[in-house]
Amino acid sequence: MTAPAPTASRFGHARQVADAVLFEGYVLYPYRASAAKNRMRWQFGVLVPPAWGPAGGEPSAQRTELVMEPRGEAELAVELRFLHARRRTVEEARGDGSFAPVPELRLPDRVLVPWDEGTEETVRMSVPVSDLEAGMVELPFTRPAAEEAEPVTDADGRQAGRLVRRAERLDGVLRLRAEQLDLPYRALKLTATVHNTSDWEPPRGAGREDALARSLVAAHLLLGLSAGSFLSLTDPPEWARAVVADCTNRHTWPVLAGDGGRADVVLSSPIILEDHPRIAPESAGAMYDATEIDEILALRTAALTDEEKREARGTDPRAAAVIDLADTMPPEVLDRLHGAVRAFREATSPAAPPAGGPEQPPRAAARPDTPWWDPAADAAAPAPEPVVVGGVPVGPGSRVVLRPGLRRTDAQDLFLLGSTALVEAVLHDVDGAVHLAVTVDGDPGADVRRAQGRFLYFQPDEVTPLEDA
């Protein structure tokens, strides 16, 4: 009735987002095992053994319900994806050929410490939709206990120790069923549940780390129809709104995730997403913290000390990849992270003139050789005129003395009292107020501010023109 499905190409686009879900929070900045935020891990989509659930307050199952419209002899392809935690210990080589556990092993390029690694696991199945209408279809799965040792060599090629990785047995089951709905069109309610069925009984003194070794971590589903479509839970058609509202989802949330806006693929995620989520094209690589901004993470990671980077590289191979990414990121890639206008083309494309009305002249396009944040980027805007301060024209290139305090200001501005500065631009806001964009003389970051368009702003009554300007 069921059989493993080959890798479905239809999941390619959705899997990019699913990978971000799978590793969200896996290791956080500053990417060291010793960091406080990396001592409490695995927060999303954790399905613990049933015997641990009451003690730890975490679920052992998740439930996905949604409405689908299969066509013809449609088949449903399913991928259950999760992480299986492996306990990694560090052992140092002794002179007699034996090994002993140590809290750390210092090598020239990294500092190895104990750590829980996550191994990607996938359970696949494909089943005709007609079989799901006939009754429950289930697929049990097991990940056996395992142990492996990896030798670690020093700079001279001698074995300095080894990494021992231990995985505990994990059991689960994926269950699927579909029921016909009383609707004007052929539609089915699909129910997919994932259960941790491990029979582990926590001994006295067991902690969450012991349960995690036998848990499905970051568990989520990819669902795909060979013919037909799924209905959005947030924007269903009017004829199906009532039955969609009746769907029950526990510890997961399904969203449409087909490529190009298609509705034949769903990602059911423990992190709530919107329909058709996607990875920002500016992102240069995984940083495992989607609540942060890649630009900030890259800059802060590159600023870590050499010793902090050595510990991060020894914490996890994925953490080491983040360090290498931040250290080798070209300036043009970092610039891309500064910001993006998603709907720029739609906002600036000339609209069709109204029927029977006069054709409007097209708006001047932004200059391609000028950044979007530069006032000169808008070719339709008039050139800024100098502003008169104390009878002296002040404009781009003028030098002034900063006199904050004549209006309501903050402490940061007061630190610059009496500093000299170069006026970079004269700007007018929508309320008609005039602002002077300046860079402070002697500021070591002036070139960076100028390149990125990040200036300090003062009003004309807060500056005094330099007499020798």
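A residue is taken as buried when its relative accessible area is under 20%, and by this criterion A218 in the predicted model is buried, because its relative accessible area is 3%. A218 is found in strand β12, which spans residues 217-225, and its backbone has a positive phi of about 55 degrees although the residue is not a glycine. Most residues other than glycine have a negative phi, and most peptide bonds are trans. A positive phi, near 55 degrees, also occurs at H276, again a residue other than glycine. H276 lies in the loop between β15 (265-269) and α6 (294-302) and is partly exposed, with a relative accessible area of 30%.

A cis peptide bond links Y29 to P30, with omega near 10 degrees, and P30 is placed in the loop that runs between α1 (12-22) and α2 (53-56).

In soluble globular proteins, nonpolar side chains tend to be buried together.

Among the strand pairings, β8 (residues 146-153) and β9 (residues 159-167) run antiparallel and are joined by eight bridges, with E147 standing opposite R166 of β9. Five residues separate the two strands of this hairpin, in which G157 adopts a positive phi near 85 degrees.

How values were computed: Residues are numbered from 1 along each chain as its sequence is written. This is a predicted model: local features need pLDDT of at least 70, side-chain atom pairs count only at pLDDT 80 or more; totals for chains, interfaces and linings use all residues. Side-chain values use heavy atoms; hydrogens and water are left out. Two strands pair if DSSP finds at least two bridges between them. Helices (H or I, at least four residues) and strands (E, at least two) are DSSP runs, numbered from the N terminus. Buried means under 20% relative accessible area, exposed over 50%, partly exposed in between (1.4 Å probe, protein chains only).
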